[in-house]
Structures are given as C-alpha cells and as structure tokens.
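Colleague: Could you take me through the salt bridges and a couple of the buried residues in this one?

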Amino acid sequence: GVEAEQVEGGLADYFGVKSGVLVRNVQKGTPAEKAGLKPGDIIIKVGDEKVATPREVTSALRERGDKMSMGLTIVREKREMTVTV
C-alpha cells in the first residue's frame with residue numbers, strides 16, 4: 001500500500017535516522033493508510049526487525065502474514081513512534 005525508497009547517507013541525516021525506508025506515497029484504502037502512515041515517514045522497524053530497504057519491509061511483512069496486525073516503528077518529524085498495520 002506504499003511507494004517507498006531506501007534512505008541513507010545525507011538524506012538519512014536530514015530525517016534524523018541512520019537508515020530506513022522513506023514512505024513516498026500511501027495508497028488510499030490500504031492497511032498502510034488506515035494505520036496512519038504518511039508520505040515523509042521513515043520506517044525503521046517491522047515488529048522487532050530493523051529494516052533498511054523496501055524489500056526488507058516487504059519480506060518482514062510477508063513472514064508475519066498470518067498475524068492480523070503488526071507494529072511498525074517509524075520516524076516522523078524526527079520523533080520515533082509505533083503504528084499498527
């Protein structure tokens with residue numbers, strides 16, 4: 001439900017993270033939108049697993065596909081928070 005890209009280097013510094021996955025767009029009506037993800041959020045963990053690439057986010061979510069909900073740790077405006085997808 002999102003378009004995302006890897007964040008590292010200077011861009012990661014700008015967002016206040018070491019690495020993560022930048023949410024570029026959130027599709028309407030998706031679990032990501034219902035969870036409150038917004039463009040500009042940086043996903044840094046899926047559950048307890050750190051993620052640095054969109055592929056890692058996808059893999060981590062697929063591995064937990066049987067669970068009804070999952071916590072994502074994100075950074076928004078340089079503040080860490082958790083949303084449930």
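Modeller: Gladly, and a definition is needed to begin with: a residue is called buried when its relative accessible area is under 20%, exposed when that value is over 50%, and partly exposed in between. Please keep in mind that this is a predicted model.

Colleague: Okay, so is D41 buried or exposed?

Modeller: D41 has a relative accessibility of 1%, and because the limit for buried is under 20%, D41 counts as buried.

Colleague: And where does D41 lie?

Modeller: D41 is found in the loop that runs between α2 (31-35) and β3 (42-46).

Colleague: What does the side chain of D41 reach?

Modeller: The D41 side chain comes to 2.8 Å from the backbone nitrogen of K38, and the side chain of D41 also meets that of R76 in a salt bridge, at 2.8 Å from N to O. Since D41 sits in the loop between α2 and β3 while R76 belongs to strand β5 (residues 71-76), this pair ties together parts that are 35 residues apart in sequence.

Colleague: Is R76 buried or exposed, then?

Modeller: R76 is buried as well, because its relative accessible area is 18% and the limit is under 20%.

Colleague: Which other residues is D41 in contact with?

Modeller: If neighbours within four places in sequence are left aside, the contacts of D41 include V21, L22 and V23, together with G36, I74 and V75, and R76 is also among them.

Colleague: Back to salt bridges: how many are there in the whole structure?

Modeller: A search of the whole structure gives 2 salt bridges. One of them joins E5 to R24, with the closest N and O atoms 2.5 Å apart. E5 lies in strand β1 (residues 2-7) and R24 in strand β2, so that pair ties together parts 19 residues apart in sequence.

Colleague: How accessible are E5 and R24?

Modeller: E5 counts as partly exposed, with a relative accessibility of 27%, whereas R24, at 51%, counts as exposed.

Terms used. Residues numbered from 1 in each chain as written. Predicted model: local features only at pLDDT ≥ 70, side-chain atom pairs only at ≥ 80, totals over all residues. Heavy atoms only, no water. Helix = DSSP H or I, 4+ residues; strand = E, 2+ residues; numbered from the N terminus. Polar contact = N/O pair within 3.5 Å; in protein donor to acceptor, adjacent residues only side chain to side chain. Contact = heavy atoms within 4.5 Å. Salt bridge = Lys/Arg side-chain N within 4 Å of Asp/Glu carboxyl O. Buried < 20%, exposed > 50% of the residue type's maximum accessible area, 1.4 Å probe, protein only.
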